[in-house]
Each structure stands twice: as C-alpha cells, then as structure tokens.
Amino acid sequence: MSGRINLLQHDVRYPLPFEDSSFDACYSHMLYCMPIRFSELAAMSKEIRRVLKPSGLNIYTARHVGDPQYKTGIHRLEDMWEIKGGFIVHFLNREKIGYLSEGYKIIDIKEFEEGQLPKKMYMVSLEKER
C-alpha cells in the first residue's frame, strides 16, 4: 500500500499543480463554502474543469442561502457571514451555482441537511463538457 497515496498541500485560490485532463472526478465537501471570494471560486471551478478528463465529474457540497445561519453573525463580504464559533461561511444560491457550472453539464443539484441546526446544503453534480 505504501506509495499509493501522495499528499499535497495547496491553496486552491491558485492554479492546480496538475496536467490537463489528469482526473476522472473531483469531490469536495464544503470547499465551495469556505471564505473564498466568488471570483476565486469561479477560477477554482475552471481549474477543476481543466484537470478533469473529458466527461469527468465535479461533485461538491456547499451551504446555501436557505440555511438557518445565512445572514446571521457578522457580514464579512459578498454572501459570507462569520457565524457562531468564528467560522466564515460562503453561502451559495442557484444563480451562483449556475455561473460556477460554466463549461459543465449540470447533472443534478440536490438539497439535503447535515449535522446540527441542521445545515442546509446543496450537492452539485457536474460533468465536464467536451
């Protein structure tokens, strides 16, 4: 098993250090709701598309504007709020998801709940367009 996993630390606000068409899929849980400016999320989504193989999948989860913590706490910028516990959350709406889906076919957008409160989330499934 040794050598089958390579660990890499990388700031996703910068280009990904991988060749074009390197991966079949990318999954990220709550990455898109980190305190990252929307323009940086858009660039990140394009970078993920770049490193995906044709018809590759980009599946991600993010909190949405129907979440009970949306617009609570301290407004930081855009749709980002510093909520109880000191976390800054970027809440997405369907319009933003549509913009982030440029160059992808939207397979599905599911709403679900997770954890305490509960958190209101989207699971977005995208396929890279050829």
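The model shown here is predicted. In total, 17 residues line the largest pocket. Those nearest its centre are Leu-8, Leu-16, Phe-18, Phe-23 and Cys-26.

What classes of residue make up the lining of the largest pocket? There are 14 nonpolar residues and three polar ones, and no charged residue takes part.

The second largest pocket has a volume of about 190 Å³. Among the residues that line this pocket are Met-30, Cys-33 and Met-34, together with Ile-83, Phe-87, Ile-88 and Val-89. Gln-116, Leu-117 and Lys-119 also belong to the lining, as do Arg-63 and Gln-69. By class, this second lining has eight nonpolar, two polar and two charged residues.

Leu-117 lies in the loop between E6 and E7, and Pro-118 has its place in the loop between strand E6 (104-114) and E7. The peptide bond from Leu-117 to Pro-118 is cis, with omega near 0 degrees. Leu-117 also has a positive phi of about 95 degrees, although Leu-117 is not a glycine.

Another positive phi is found at Glu-78, with a value of about 45 degrees, and Glu-78 is not a glycine either. Glu-78 sits in the loop that lies between strand E3 (74-77) and strand E4 (80-82). Is Glu-78 buried, partly exposed or exposed? The relative accessible area of Glu-78 is 35%, so this residue counts as partly exposed.

How many cavities of 30 Å³ or more does the structure hold? The structure holds one, and the volume of the largest cavity is about 40 Å³. H1 and helix H2 (94-100) are the elements that give two or more residues to the lining of the largest cavity. H1 gives the most, with four residues. The residues that line this cavity are Ala-42, Ser-45, Lys-46, Arg-49, Tyr-99, Leu-100 and Glu-102. By class, three of them are nonpolar, one is polar and three are charged.

The side chain of Lys-128 reaches the backbone oxygen of Arg-49 at 3.1 Å. Lys-128 has its place in strand E7, which covers residues 119-128. Which side chain of opposite charge is nearest to Lys-128? It is that of Asp-20, at 7.4 Å. A salt bridge needs a side-chain nitrogen of Lys or Arg within 4 Å of a carboxyl oxygen of Asp or Glu. Lys-128 is buried, yet has no salt bridge.

Notes. Residues numbered from 1 in each chain as written. Predicted model: local features only at pLDDT ≥ 70, side-chain atom pairs only at ≥ 80, totals over all residues. Heavy atoms only, no water. 1 Å grid on protein atoms, 1.4 Å probe; cavity = no way out; pocket = protein on both sides within 12 Å on 5 of 7 lines; lining within 4 Å. Nonpolar A, V, L, I, M, F, W, Y, C, P; charged D, E, K, R; others polar. Points joined across faces, edges and corners; volume = space filled by probe spheres on them. Buried < 20%, exposed > 50% of the residue type's maximum accessible area, 1.4 Å probe, protein only. Lys, Arg positive; Asp, Glu negative; His and termini not counted. Polar contact = N/O pair within 3.5 Å; in protein donor to acceptor, adjacent residues only side chain to side chain.
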